[in-house]
Protein chains: 2
Amino acid sequence: MYYSQMTDSQLKEELERVRAQYKQKQELKLKLDMSRGKPAPEQSALSKGILTVISEDSDCISREGIDCRNYGFPKGLIELKEIFAPIIGADPEQIIPCGNSSLNLMYDCVSDAYHFGFPESDKPWGKYERIKFICPCPGYDRHFFITQNLGAELIAVDMLPTGPDMDKVEELCKNDPTVKGIWCVPKYSNPDGYTYSDETVKRLASMECAAKDFKIFWDNAYCIHDLYDESDPLLNILEECKKANNPDRALVFFSTSKITYAGGGVAFVAGSPNTVKYFSDRFAIRVVCYDKLNQLRHARFFQTTEKVYEHMKKHAALLRPKFEMVCNTLSQELDQCGFAQWNKPRGGYFVSLNVMDHTAKRVFALCGEAGVTLTNVGATFPCGMDPRDRNIRISPSAVTEAELKQAMEILCISAKLAALEKLLSHR
Amino acid sequence: MYYSQMTDSQLKEELERVRAQYKQKQELKLKLDMSRGKPAPEQSALSKGILTVISEDSDCISREGIDCRNYGFPKGLIELKEIFAPIIGADPEQIIPCGNSSLNLMYDCVSDAYHFGFPESDKPWGKYERIKFICPCPGYDRHFFITQNLGAELIAVDMLPTGPDMDKVEELCKNDPTVKGIWCVPKYSNPDGYTYSDETVKRLASMECAAKDFKIFWDNAYCIHDLYDESDPLLNILEECKKANNPDRALVFFSTSKITYAGGGVAFVAGSPNTVKYFSDRFAIRVVCYDKLNQLRHARFFQTTEKVYEHMKKHAALLRPKFEMVCNTLSQELDQCGFAQWNKPRGGYFVSLNVMDHTAKRVFALCGEAGVTLTNVGATFPCGMDPRDRNIRISPSAVTEAELKQAMEILCISAKLAALEKLLSHR
């Protein structure tokens with residue numbers, strides 16, 4: 001029976017039952033961290049070959065004869081660009097491989113936009129009293145931090161199963177030249193696991209923007225991170241922007257953090273020829289070169305685009321049972337209660353769970369007291385404020401299946417306990 | 001006979017002789033690049049062991065149990081900090097190992113100072129109409145570019161054999177709160193090869209600054225890059241700043257770019273506890289973590305501080321003959337002419353040559369036409385403008401000894417030719 005349909009005495013009875021379950025779980029004295037979307041050690045082990053693929057001095061010379069141990073060649077290695085070009089959806093010359101962190105590239109990009117603006121800008125973003133940035137919610141906390149930290153006003157827009165609420169996005173962009181950008185994780189979004197529909201991509205690419213330097217920060221972090229053979233289709237944002245005569249609107253970010261090593265991968269930026277020239281000019285001031293040895297390791301390890309896809313199937317085989325356990329446990333435990341909603345993603349790293357309104361903080365605390373660390377509640381909203389206090393991001397990848405089973409049971413019990421407390425407090 | 005003492009006909013005779021030499025060299029059709037201070041392949045080969053020192057999954061776990069393949073632990077590996085702490089001159093907890101580029105750290109630091117200022121700042125540097133930055137000249141072009149690019153006014157101060165002209169530096173800092181920093185390469189300076197005297201370091205640490213957020217950008221890039229057994233002594237800037245009650249004044253930068261791999265080393269930042277907290281807070285917004293696998297490779301390859309010093313002796317053995325050939329050739333060819341001055345550095349990567357005033361650009365062009373690429377003339381001065389057009393930075397490391405011999409002969413002949421043309425044009 002749904003909690004909403006229960007009488008007071010039924011609720012109290014259920015509360016006693018769930019409290020007893022919670023106490024039992026507490027006694028297990030678990031210590032499980034599900035706070036971040038980290039690959040498991042078994043996933044890292046898939047890339048072992050990368051450690052030794054360059055082992056001799058002669059291995060350090062790239063296809064074009066570049067000594068990757070030395071300075072120079074900030075444009076990055078062509079063999080690596082060719083492998084990832086079809087995945088990123090840009091010609092090799094429209095791609096720059098950089099260091100290990102795509103987040104760092106995004107920070108640098110927003111930071112430089114504050115200092116200098118883009119080539120088409122009227123003035124640097126920092127010269128406005130305050131610029132605005134659109135944040136589809138729930139979303140990725142570290143994206144929001146960057147723009148919050150640099151002083152932008154964050155405008156929350158609902159994330160729908162088709163992507164950001166485009167009616168709202170278009171309305172915001174149309175008349176306000178201080179609306180300068182939008183954060184997007186277009187495929188298997190963090191945390192919902194939604195993939196933007198064709199219509200959403202086309203509308204983003206073609207919508208009218210009062211700011212001629214409006215930028216789509218297209219963080220395609222999970223573009224080949226499918227759990228099943230069939231991948232969610234996603235239109236190519238660079239092509240759509242070009243068709244819509246807004247070729248420089250999208251800045252595409254990508255990394256191998258969840259392909260090879262989360263801490264030692266290669267991050268890429270891609271865009272129109274103008275965008276790539278802009279980034280190259282900025283990089284020329286900032287660095288002599290990024291780590292080309294690590295770029296070369298990646299190129300030699302994968303050799304072809306096809307092998308990257310094969311590699312991702314091995315990740316899927318490790319991740320799929322975990323995601324299915326999360327969704328199955330949620331169904332078994334919460335379907336009958338009627339207060340919770342969640343998605344069943346076909347890729348990515350997260351399951352997004354909405355518990356009863358105004359109970360997520362309590363669920364987080366209850367989980368913590370039973371040894372399960374979740375992502376900070378509210379983190380998926382601008383400034384850490386979930387207006388309905390209901391969204392919980394589940395990151396099933398890093399723990400073992402046995403741990404995950406325990407953690408999910410604790411989460412479900414905590415969600416029920418918090419819901420029951422809430423319902424009874426109003427009566 | 002010195003050129004300055006020659007009669008017109010003697011000068012003309014010498015011009016004919018030198019022109020003939022130049023033509024002979026041109027016919028060799030050489031193509032030699034001495035534009036940047038890059039290690040030679042034989043130097044990179046000294047670090048071959050680093051390529052395979054981590055080759056198994058179990059190797060990827062740090063002393064503290066951190067899986068270096070994965071996200072997290074932005075403070076960096078303790079085993080690496082311990083090895084480099086005595087070299088950097090800071091306690092391990094005062095050091096943060098980062099990515100591959102110390103230049104990138106310096107850019108980020110100035111950029112963030114523009115956005116936010118430092119904890120002790122009255123306001124962000126970007127909120128001043130224009131801040132000023134002291135640039136000891138000749139100096140490192142990429143330092144100057146960073147502050148020029150961000151809009152600072154660059155103030156040239158003469159580089160003396162004891163370091164920057166401290167009378168001038170003190171005068172600039174004392175009364176002007178918009179003088180916010182100074183670029184320093186304190187040991188084996190780029191390009192002069194001078195090491196700051198004890199007095200210079202003490203004066204920098206203790207001088208009165210109108211800006212309470214005045215920062216010494218202490219790029220100790222060559223701190224263990226000795227050519228001879230005896231190293232130039234350099235006082236510890238962090239200790240001197242602490243003694244002078246200005247503990248947060250110095251920001252210390254260091255990297256293994258010229259110890260292991262120029263393109264794939266590890267860069268570090270160090271400072272007071274306040275400074276390290278400031279950087280940690282900034283990094284928390286910018287990156288999930290830097291490449292810990294590469295940090296671990298470095299720690300495992302070196303194991304101890306002592307082994308880093310042993311490693312540097314191998315670099316010295318490769319570099320010393322080149323530096324001696326540069327200085328000997330300059331002596332043989334130019335001593336007798338009386339118009340040129342140069343240093344004889346005991347470490348670092350450069351020899352700084354002053355040719356006859358107002359001829360450096362011509363020397364650069366003549367070298368280029370004979371196949372020798374030098375660092376752009378003027379690059380060692382703010383905004384690329386050498387007011388006397390006389391400084392040439394010689395980078396002997398990357399070429400072979402045989403090539404270097406040829407290149408130095410061409411450089412000396414070009415310097416003579418330009419001087420003779422200049423002298424005769426005035427008569």
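## Fold and dimensions of chain A

Helices, as counted here, are DSSP runs of H or I with at least four residues, and strands are runs of E with at least two, both numbered from the N terminus. In this predicted model, chain A has 13 helices and 13 strands. The radius of gyration of chain A is 23 Å, close to the 22 Å that the globule rule gives for 427 residues, so chain A is as compact as a globular protein of that length. The C-alpha trace of chain A spans about 75 × 55 × 35 Å along its principal axes.

## Burial, contacts and surface

Of the 427 residues in chain A, 62% count as buried. When contacts in chain A between residues at least 6 apart in sequence are considered, 76% of them join residues at least 24 apart.

## Aromatic pairs

Over all chains, a search of the whole structure finds 38 aromatic pairs. One of them is formed by Phe217(A) and Phe253(A), whose rings are stacked, at 5.9 Å centre to centre and with 10 degrees between the planes. This pair links distant parts of the chain, since Phe217(A) belongs to strand S7 (residues 215-219) of chain A and Phe253(A) to strand S8 (residues 250-255) of chain A, with the two residues 36 apart. Both Phe217(A) and Phe253(A) are buried.

How are the rings of Phe283(A) and Tyr290(A) arranged? Their centres lie 5.4 Å apart and their planes stand at 85 degrees, so the pair counts as edge-to-face, the cut-off for that class being over 60 degrees. Phe283(A) has 5% relative accessibility and therefore counts as buried, and Tyr290(A) counts as buried because its relative accessibility is 7%; the threshold for burial is under 20%.

The residues of these two pairs also belong to a cluster linked by ring pairs, which is made up of Phe118(A), Trp125(A), Phe133(A), Trp183(A), Phe217(A), Phe253(A), Tyr278(A), Phe279(A), Phe283(A) and Tyr290(A).

## Charges over rings in chain B

Which ring has the charged end of Lys123(B) over it? The ring is that of Tyr128(B), and the charged end of Lys123(B) sits 4.4 Å from its centre. Lys215(B), in turn, lies over the face of Phe118(B), at 4.5 Å from the ring centre.

How values were computed:
Residues numbered from 1 in each chain as written. Chains lettered and ligands numbered in written order. Predicted model: local features only at pLDDT ≥ 70, side-chain atom pairs only at ≥ 80, totals over all residues. Heavy atoms only, no water. Phe/Tyr/Trp six-rings, centres within 6.5 Å; stacked < 30°, edge-to-face > 60°. Buried < 20%, exposed > 50% of the residue type's maximum accessible area, 1.4 Å probe, protein only. Lys NZ or Arg CZ within 6 Å of the ring centre and 35° of its normal. Rg over C-alpha atoms; globule rule 2.2 N^0.38 Å. Contact = heavy atoms within 4.5 Å.
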